[in-house]
Amino acid sequence: MFKEALADYQQSINKISFSQCLESNASNFIIKLEPNFFYNPLMQTMYADLNYYIYQEPSKQIDHGTLSIKKQMYIQARHDIQLKNLYLEFLNQLSEKLPASVPDQAINGEFCKII
């Protein structure tokens, strides 16, 4: 679900690109995401939190926090589209948290093994 949202996001926003954290990749930042979703069927409410950690280099965590969304939805109807839209909202919020300046040196993907 998240990969589909990522593909849609990258098609609409060309200035930021996300990719899976792999040893062979180097990038400006590494972002660790921890989603936590809870759906209350009686109230038809989705409570979604996304913990994020942004690293510029292995020893330097430059930001962390939690993004939250509370949304009324009927999860039994097209849950795939609704969850993808939640992830798209999270990606929009997360892109605002990224630093405006890009570091001189890219972070190596080997760091992904640690986190």
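The model is predicted, and local features need pLDDT of at least 70, side-chain atom pairs count only at pLDDT 80 or more, and totals for chains, interfaces and linings use all residues. Residues are numbered from 1 along each chain as its sequence is written, and side-chain values use heavy atoms, with hydrogens and water left out.

The secondary structure of the protein consists of two helices and five strands. Helices (H or I, at least four residues) and strands (E, at least two) are DSSP runs, numbered from the N terminus. Read from the N terminus, the order of the elements is α-β-β-β-β-α-β. Along the principal axes, the C-alpha atoms fill a box of roughly 50 × 25 × 25 Å. Of the 115 residues, 32% count as buried, where buried means under 20% relative accessible area, exposed over 50%, and partly exposed in between (1.4 Å probe, protein chains only). Among contacts (heavy atoms within 4.5 Å) with a separation of 6 or more, 58% involve residues 24 or more positions apart.

Helix α1 (residues 2-12) packs against helix α2 (residues 79-97), their axes coming within 9 Å and crossing at roughly 55 degrees. This angle makes α1 oblique to α2. Angles under 35 degrees count as roughly parallel, over 145 as roughly antiparallel, 65 to 115 as roughly perpendicular and the rest as oblique. The axes are lines fitted to C-alpha atoms, for helices over the stretch in contact, and angles run from 0 to 180 degrees between N-to-C directions. The crossing of α1 with α2 is right-handed, that is, the near helix is turned clockwise from the far one by less than a right angle. On the α1 side the contact is made by F2, E4, A5, L6, D8 and Y9, and on the α2 side by K84, Y87, L88, L91, N92 and S95. By type, the residues of this contact comprise seven nonpolar, two polar and three charged. In this grouping Ala, Val, Leu, Ile, Met, Phe, Trp, Tyr, Cys and Pro count as nonpolar, Asp, Glu, Lys and Arg as charged, and the others, Gly among them, as polar.

A nonpolar core is a set of buried Ala, Val, Leu, Ile, Met, Phe, Trp, Tyr and Cys residues joined through side-chain atoms within 4.5 Å. The largest such core has 24 residues, of which M46, L86 and F90 touch the most other members. Two or more residues are given to this core by each of α1, β3 (45-57), β4 (60-72) and α2. Helix α2 gives the most, with seven residues. A second, separate core has five residues, including I30, Y55, I107 and C112. Beyond its neighbours within four places in sequence, M46 is in contact with F37, F38, Y39, I69, K70, K71, M73, I75, L83 and L86.

M73 lies in the loop between β4 and α2 and counts as buried because its relative accessibility is 7%. Not counting residues up to four places away in sequence, M73 touches Y39, Q44, T45, M46, Q82 and L86. Q44, one of these residues, is found in the loop between β2 (30-40) and β3. With 34% relative accessibility, Q44 counts as partly exposed. Most residues other than glycine have a negative phi. Phi of Q44 is near 50 degrees, a positive value in a residue other than glycine.

Q10 belongs to helix α1 and is partly exposed, with a relative accessible area of 25%. Leaving aside neighbours within four places in sequence, Q10 is in contact with I16, S17 and F18. The C-alpha atoms of Q10 and M73, 63 residues apart along the chain, are separated by 25 Å.

R78 is in the loop between β4 and α2. This residue is exposed, with a relative accessible area of 52%. The C-alpha atoms of R78 and Q105 are 43 Å apart, at a spacing of 27 residues along the chain.
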